[in-house]
Amino acid sequence: MQASPLNAAAAGSRGDRVRSDLWVGYEPGDGPLELAVRSKVDYLYADAIEAAVRRVADAFGVGTGRLEVDDAGALEWVILARVETCLRRAGAEGPAVLPSAHDGATVPVRRERLRRSRLYVPGNQPKLMASAGLYEADGIILDLEDSVPPAEKDAARVLVRNALVALDWGVSERMVRVNQGEVGLEDLREIAPHNPHLVLLPKVEDPIQVQRAAEVAPKVLLMPILESPAGIHRAFEVAAAHPSVVALTLGLEDLSAELGAPRTEEGAESFLARQQTVYAARAAGVQPIASVYSDIRDEAGLQAYVARERGLGFDGIGCIHPRQIPEVHRGFTPSDAQIERATAVVRAARDAEARGLGAVALGSKMV
């Protein structure tokens, strides 16, 4: 039993438009714990829902009061996360209550891999997390930062932790964007044991920020985000701050705001920052990754943006909607002609080496 009295608390979402989520509320009381479950699928899953709720209550030593649950098709990992958050908000203490682990959750980290596309998914939206792997982005980012309201940071952290355990994203790299400062380090401590492959660190301005993150999560790859003039100024130091850094990216929305220069389609206001990010990343031996393209309906604009960023030397960009992924993959994948040309260059170089030549002609050009 809890040593100190608990408070009324709630977590989750409810309403006609809610899907794959649930709301749970706790009211303290002296009698044995009462559980009231409402669900559209209670005729199938009422016992399973109740078992998941009681599992968390037992782990937290909550044996009195009343737990009310309003379910909208939540899976086990969501139920556990919402009840855990509710009881923590009520003042209860207990261990992390984890869902059943999916085989895909143990896919090992790979330093060298394609990172053409990374799809941002809000860390407080279970329905979006559960389906994210269907889109086959090179990386899925469960976001704990900008897409999550401040009052929901604690709940999103538990949801993301459980999602890392329970969900399989197939070919996609398992990524998380944490918050800034001490909150971000708390995010890292919670998620690091559950096999996130890569963590994005927002608004990095000092290599110490990268080093502190690496100390907290030594087995996790890192991608610092440059979002301020100070960060751009120290881009190489940040990229080279620790061996766990595998990529460097920038956030043009925040950077443009700090510059006082609205972001434009042409990108003249951020040209130097983008170029410096590429130079710093290449010099440090990591991948340069471009910022997101924020207009999800402008396909022609996305095509032009991808071509421009690839022309600067970037290896990929961020995606804020699944419909952007195919175009990004097309833009950052070599064409058949480019592959044929590269193959011919390699063959010519090997032929030259076999004949003891330092150079060889390929068409009208020397290799």
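Trainee: Which residues does Arg 274 touch, not counting residues up to four places away in sequence?

Mentor: Keep in mind that this is a predicted model. Arg 274 touches Leu 250, Leu 252, Gly 267, Arg 308, Glu 309, Leu 312 and Phe 314, with residues up to four places away in sequence left out. As for its own element, Arg 274 lies in helix α10, residues 271–284.

Trainee: Why is Arg 274 called buried?

Mentor: Set the value against the cut-off. Buried means under 20% relative accessible area. Arg 274 comes out at 2%, so it counts as buried.

Trainee: What makes strand β9 largely enclosed by the rest of the structure?

Mentor: Count its residues. β9 covers residues 221–226, and six of the six are buried, so the strand is largely enclosed by the rest of the structure.

Trainee: Which residues point which way from β9?

Mentor: Leu 221, Met 223 and Ile 225 point one way, Leu 222, Pro 224 and Leu 226 point the other, and all are buried.

Trainee: How do you know that β8 and β9 pair?

Mentor: You need at least two bridges between two strands to say that. Strand β8, residues 198–201, and β9 have four, in the parallel sense, so the pairing holds by that definition.

Trainee: Which elements make the right-handed β-α-β unit?

Mentor: β8, helix α6 (residues 207–216) and β9 make it. The handedness is called with the strands pointing away from the viewer: the path from the first strand over the helix to the second has to run clockwise.

Trainee: How many helices and strands does the protein have?

Mentor: The secondary structure comes to 13 helices and 14 strands. The C-alpha atoms fill a box of roughly 90 × 40 × 40 Å along the principal axes, and 47% of the 367 residues count as buried.

Trainee: What about contacts between residues at least 6 apart in sequence: what share joins residues at least 24 apart?

Mentor: That share is 70% in this protein.

Terms used:
Residues numbered from 1 in each chain as written. Predicted model: local features only at pLDDT ≥ 70, side-chain atom pairs only at ≥ 80, totals over all residues. Heavy atoms only, no water. Buried < 20%, exposed > 50% of the residue type's maximum accessible area, 1.4 Å probe, protein only. Helix = DSSP H or I, 4+ residues; strand = E, 2+ residues; numbered from the N terminus. Contact = heavy atoms within 4.5 Å.
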